Amino acid sequence: MGLDLGARTCGVALSDIMGMIASPVETIRFAEDDYETACGRVVELIKANNVKKVVLGLPKHMNGDVGVRGEISIKFKEMLLEKADVEVILWDERLTTVSAQKSMIASNMNRKKRHRMVDTMAAVIILQGYLDSTY
């Protein structure tokens with residue numbers, strides 16, 4: 001499972017059974033900074049899909065420093081570890097949202113749909129990057 005965590009949304013992606021191809025699942029929407037709600041839905045998806053490994057995007061500044069958003073991802077990882085029996089891998093997510101936007105624009109997706117899908121597509125990019133690195 002791949003996750004792109006934001007302040008009000010969390011994009012979710014899953015891989016195929018072979019662990020080769022990432023696909024979009026959903027965008028979890030929650031009140032700003034209500035990570036408990038987001039975590040609850042992620043745990044539901046983990047259980048429903050028998051997930052053993054979660055790849056969570058770790059936002060970093062371009063110089064590699066972990067800022068406030070990165071610290072929130074680290075805390076979210078800890079929440080997941082407390083509530084689900086999974087391995088959680090933090091994955092550098094620099095420029096994934098930009099890549100997601102560019103790929104949706106290239107496929108002629110309209111602005112409204114891009115807005116709804118950007119976090120889920122960023123989760124796909126995060127997960128696919130991890131999957132590609134393991135082969």
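Analyst: A residue is called buried under 20% relative accessible area, exposed over 50%, and partly exposed in between, with a 1.4 Å probe and protein chains only. Arg 41, at a relative accessible area of 29%, is partly exposed. This is a predicted model, in which local features need pLDDT of at least 70 and side-chain atom pairs count only at pLDDT 80 or more, while totals for chains, interfaces and linings use all residues. Residues are numbered from 1 along each chain as its sequence is written, and side-chain values use heavy atoms, with hydrogens and water left out.

User: In what order do the five strands form the sheet?

Analyst: Strands of a sheet pair through backbone hydrogen bonds, either parallel or antiparallel. Strands (E, at least two residues) and helices (H or I, at least four) are DSSP runs numbered from the N terminus, and two strands pair if DSSP finds at least two bridges between them. Here the order is S3-S2-S1-S4-S5, in an open sheet with mixed pairing. S3 and S5 are the edge strands, each pairing on one side only. From one strand to the next, the twist averages 25°; axes are lines fitted to C-alpha atoms, for helices over the stretch in contact, and angles run from 0 to 180 degrees between N-to-C directions. S1 and S2 run antiparallel and are joined by four bridges; Asp 4, for instance, has Gly 11 in S2 as its bridge partner.

User: Which strands does H1 lie across, and which does H2 touch?

Analyst: H1 lies across S1, S2, S3 and S4, and runs at about 145° to S3. H2 packs on the sheet and touches S1, S4 and S5, its direction making about 165° with that of S4. Contact means heavy atoms within 4.5 Å.

User: How many residues does the largest nonpolar core have?

Analyst: In soluble globular proteins, nonpolar side chains tend to be buried together. A nonpolar core is a set of buried Ala, Val, Leu, Ile, Met, Phe, Trp, Tyr and Cys residues joined through side-chain atoms within 4.5 Å. The largest one has 25 residues, and Met 1, Leu 3, Val 42, Ile 46, Val 54, Phe 76 and Leu 80 have the most contacts inside it. S1 (2-5), S2 (9-15), H1 (35-48), S4 (53-58) and H2 (68-83) each supply at least two of its residues; the largest share, seven residues, comes from H1. Beyond its neighbours within four places in sequence, Leu 3 is in contact with residues including Val 12, Val 42, Val 54, Phe 76 and Leu 80. A second, separate core of 10 residues includes Ala 22, Val 124, Ile 126 and Leu 131.

User: How many salt bridges does the structure hold, and which residues form a network?

Analyst: Side chains of opposite charge can pair when their charged atoms come close. A salt bridge is a side-chain nitrogen of Lys or Arg within 4 Å of a carboxyl oxygen of Asp or Glu. The structure holds four. Glu 26 pairs with Arg 41, their closest N and O atoms being 2.7 Å apart. Because Glu 26 lies in S3 (residues 22-29) and Arg 41 in H1, this pair ties together parts 15 residues apart in sequence. Glu 26, Arg 41 and Glu 44 are linked in a network of salt bridges.

User: Where do Glu 36 and Lys 83 lie?

Analyst: Their side chains meet in a salt bridge at 2.8 Å, N to O. Glu 36 is in H1 and Lys 83 in H2, 47 residues apart. Glu 36 is partly exposed at 47%, as is Lys 83 at 37% relative accessibility.
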